[in-house]
Amino acid sequence: MHLLKACLHGIDRTNYWVARLVSWAVIILIATTVYEVIMRYLFNAPTIWVFEFNYLLNGPYFLLIGAYAFAINGHVNVDVFYGRLKPRAKAIIDLFTMPLFFFFIGMMLIYGGQFFLNALTFKEQLSSAWAPPVYPVKMIIPIAAALLLLQGIARYIRCLHLAITGREGEL
Amino acid sequence: MSIEIVALIMFLSLVVLLFTGLPLAFVLGGLALVLSYFLWGANSMLLVAVQTWDVMNSYFLVAVPLYVFMANILQRSGIIEEMFEVMQIWFGPLRGGLAIGTIVICTIMAAMTGIVGAAVATMGILSLPAMLNRKYDKRIALGSICAGGTLGILIPPSVITIVYAVTAGVSIGKMFIGGILPGLLLSVLFISYIAIRCWLQPELGPAPSKDERAKYSLADKFFALKKIILPVLLIIGVLGSIYGGIATPTEAAGIGSLGAIICAALHRTLNWKNLNESVIETGKITAMILWITVGARCFISVFSAVGGDELVRDFVTGLAVNRWIIMIIIQLILVALGLFLDEIGIILLCVPIFIPIITELGFDPVWFGILFLINAQMDYITPPFGYTLFYLKGVAPEGVTMGDIYRSVIPFVIIQAIGLAICMIFPQIILWLPNMMK
């Protein structure tokens with residue numbers, strides 16, 4: 001039980017720190033955007049990379065924070081009925097609805113992985129002047145899915161524990 | 001299976017699953033993939049990667065974290081507290097002045113941040129106690145906060161507007177600029193209502209005593225204004241550069257974020273705690289919004305692949321009625337969905353299906369979008385599930401019941417409906433400014 005608790009805690013901490021780290025990307029987005037505007041208007045020398053760089057950063061940014069947002073119930077849901085239930089009732093419902101989550105994220109892991117491998121094999125690049133390789137960015141899809149999947153497993157175990165024992169917050 | 005049955009299964013499972021409390025993003029994505037698996041087998045599962053990649057490739061969506069960050073920094077910068085003081089000096093002496101001032105601040109806040117929950121919570125903490133101390137009637141005090149707080153949806157910059165523009169394939173800039181006049185119209189309607197109501201029934205929002213009123217001289221009043229120069233310049237900078245075509249909305253957001261950081265630094269509130277909180281909060285909100293976008297894109301792609309969108313289109317355009325009636329029916333559907341579903345989810349699900357219909361009927365998608373945003377605002381304050389009502393209850397002092405809040409917003413809901421009608425009858429209120437842009 002102690003080991004299990006340590007594992008679940010480890011998943012929480014991992015996703016927390018991933019989110020803490022990745023969320024600073026917004027500062028980079030601001031910096032590059034300002035840089036682009038300055039270069040264009042002050043030096044009349046627009047860059048070829050900021051436009052693409054920004055959206056290539058934005059994707060990994062939001063994907064990787066997804067697991068942390070899930071851990072702290074940051075993903076919006078309809079709680080008209082759900083919100084009024086007791087924690088144990090919520091846990092029991094989650095046990096039945098979470099398989100849908102697992103299917104979605106599981107497929108994202110498998111097919112996102114395939115998607116990444118294709119890009120890697122063919123050394124896919126963006127068709128633009130800057131032409132960066134896209135596989136490092138596509139790699140984030142399976143990674144983010146894996147993190148979210150772990151967080152989902154942690155949640156499922158906690159729901160199972162709460163549903164069976166009726167005791168909250170032990171895991 | 002026929003298209004009708006598949007589409008019906010999709011819709012019904014969606015409704016049932018939504019109420020189970022599973023996050024919207026996963027309900028949409030999961031449902032789409034399960035159906036796709038049954039219809040087309042494992043090979044179709046690649047759609048999840050393709051749709052995710054599609055969201056990752058949107059330059060326009062980069063505007064989301066940038067505006068959210070700007071809002072988060074400004075909210076923690078102390079500027080709003082200062083504006084509240086200025087407002088008390090200017091409007092405090094009038095009958096109902098604090099409620100009027102609340103609407104004014106909410107309008108400015110809407111143009112700076114546009115996060116509804118934040119505006120309502122801040123005003124609930126700053127302005128509500130002040131109004132209750134001055135023996136304002138609860139109905140005016142609570143109603144003005146709820147109504148003012150929702151202006152953030154319509155008045156640019158607003159994240160919901162970005163999501164609409166990206167989904168409908170219209171210019172974010174035009175949508176932003178199109179929201180200005182309708183937003184100000186609603187603001188003016190709210191203020192007029194409070195002013196007239198309190199003038200007729202002074203007990204609703206009593207003016208302070210004569211001494212109190214003479215406390216600030218005209219010079220004091222103008223001197224106080226210097227506190228709001230910075231935020232006003234920021235707003236003009238962001239919206240002006242979009243309107244003038246100097247910067248894209250994403251670039252304006254980047255510059256605006258830098259401006260927000262500078263504002264906070266000048267207020268000496270740019271410390272590690274505020275920056276850190278803003279950064280993580282921005283990440284959380286952006287992840288939430290864009291994950292829903294991924295789920296909704298998966299759902300819509302499957303729904304279109306089975307022919308569901310054509311089904312809806314044929315059905316609606318096949319109705320042999322006036323195009324305005326179709327238009328009103330569509331708006332009513334959106335309002336009804338808004339009673340329990342998140343606005344961003346509604347946009348991502350309905351707009352891809354409705355926009356072709358709207359265009360085919362000869363309506364302007366920008367105009368339609370703004371009408372939708374006014375509707376969304378109404379959803380936010382309509383009992384029993386309007387979000388702002390709960391936000392306000394969360395911060396209101398003891399003695400304010402949910403019933404008080406419900407009763408207080410009814411006049412404002414009616415005013416919103418009037419505003420909506422005005423914008424439908426006179427489309428130029430929405431379209432005049434965007435059409436002047438190049």
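Rings of Phe, Tyr and Trp, the last by its six-membered ring, form an aromatic pair if their centres lie within 6.5 Å. The legends below describe close-up views of a predicted model.

**Figure 1. Aromatic pairs at Trp367(B).** Over all chains, the count comes to 27 aromatic pairs. One of them joins Trp324(B) and Trp367(B). Their centres are 5.7 Å apart, with 80 degrees between the planes. The pair is edge-to-face, because planes over 60 degrees apart count as such. Trp324(B) is partly exposed, at a relative accessible area of 31%. Trp367(B) is buried, at 3% relative accessibility. Phe363(B) also pairs with Trp367(B). Here the rings are stacked, 5.3 Å centre to centre and 25 degrees between the planes. Phe363(B) counts as buried, with 6% relative accessibility.

**Figure 2. An aromatic cluster with residues from chains A and B.** One cluster holds Phe70(A), Phe101(A), Phe102(A), Phe104(A) and Tyr156(A), together with Phe26(B) and Trp291(B). Phe, Tyr and Trp are each represented in this cluster.

**Figure 3. Lysine charges over aromatic rings in chain B.** The charged end of Lys221(B) sits over the ring of Trp90(B). It lies 5.8 Å from the ring centre. In a further case, Lys226(B) places its charged end over the ring of Phe223(B). The distance to the centre of the Phe223(B) ring is 5.1 Å.

**Figure 4. The largest cavity, in chain B.** Searching the whole structure gives 2 cavities of 30 Å³ or more. The largest has a volume of about 40 Å³. Its lining consists of Ile73(B), Arg76(B), Ser77(B), Ala264(B), Thr269(B), Leu270(B), Asn274(B), Leu275(B) and Ser278(B). By class, these are 4 nonpolar, 4 polar and 1 charged residues. Helix α16 (residues 272-305) of chain B gives the largest share of the lining, 3 residues.

**Figure 5. The second largest cavity, lined by both chains A and B.** This cavity has a volume of about 30 Å³. From chain A, Val76(A), Asn77(A) and Val78(A) line it. From chain B come Leu24(B), Phe340(B), Leu341(B), Asp342(B) and Tyr387(B). The lining divides into 6 nonpolar, 1 polar and 1 charged residues.

**Figure 6. The second largest pocket.** Its volume is about 730 Å³. The lining has 28 residues. Closest to the pocket centre are Phe11(B), Phe303(B), Val312(B), Ile353(B) and Phe354(B). Five elements of chain B give two or more residues each: α1 (3-18), α16, α17 (308-318), α18 and α19 (343-360). Of these, α1(B) gives the most, with 8 residues. The lining comprises 26 nonpolar residues, 1 polar and 1 charged.

**Figure 7. A cis peptide bond in chain B.** The bond from Pro156(B) to Pro157(B) is cis. Its omega is near -10 degrees. Pro157(B) is placed in the loop between α9 (151-154) and α10 (159-168) of chain B.

Figure 8. Ala131(A) is not a glycine, yet its phi is positive, at about 50 degrees. The residue lies in the loop between α4 (87-121) and α5 (135-138) of chain A. Ala131(A) is partly exposed, with a relative accessibility of 23%. Lys135(B), likewise not a glycine, has a positive phi of about 65 degrees. Lys135(B) is found in the loop between α7 (116-133) and α8 (138-149) of chain B. At 63% relative accessibility, Lys135(B) is exposed, because the cut-off for that class is over 50%.

Notes. Residues are numbered from 1 along each chain as its sequence is written. Chains are lettered from A and ligands numbered from 1 in the order in which they are written. This is a predicted model: local features need pLDDT of at least 70, side-chain atom pairs count only at pLDDT 80 or more; totals for chains, interfaces and linings use all residues. Side-chain values use heavy atoms; hydrogens and water are left out. Rings of Phe, Tyr and Trp (its six-membered ring) pair if their centres lie within 6.5 Å; planes under 30 degrees apart count as stacked, over 60 as edge-to-face and the rest as tilted. Buried means under 20% relative accessible area, exposed over 50%, partly exposed in between (1.4 Å probe, protein chains only). A charge sits over a ring if NZ of Lys or CZ of Arg is within 6 Å of the ring centre and within 35 degrees of the ring normal. On a 1 Å grid over the protein atoms alone, a cavity is a set of points where a 1.4 Å probe fits but cannot get out, and a pocket is an open set with protein on both sides within 12 Å along at least five of seven lines; lining residues have an atom within 4 Å of a point. Grid points are joined across faces, edges and corners, and a volume is the space filled by probe spheres set on the points. Helices (H or I, at least four residues) and strands (E, at least two) are DSSP runs, numbered from the N terminus. Ala, Val, Leu, Ile, Met, Phe, Trp, Tyr, Cys and Pro count as nonpolar, Asp, Glu, Lys and Arg as charged, and the others, Gly among them, as polar.
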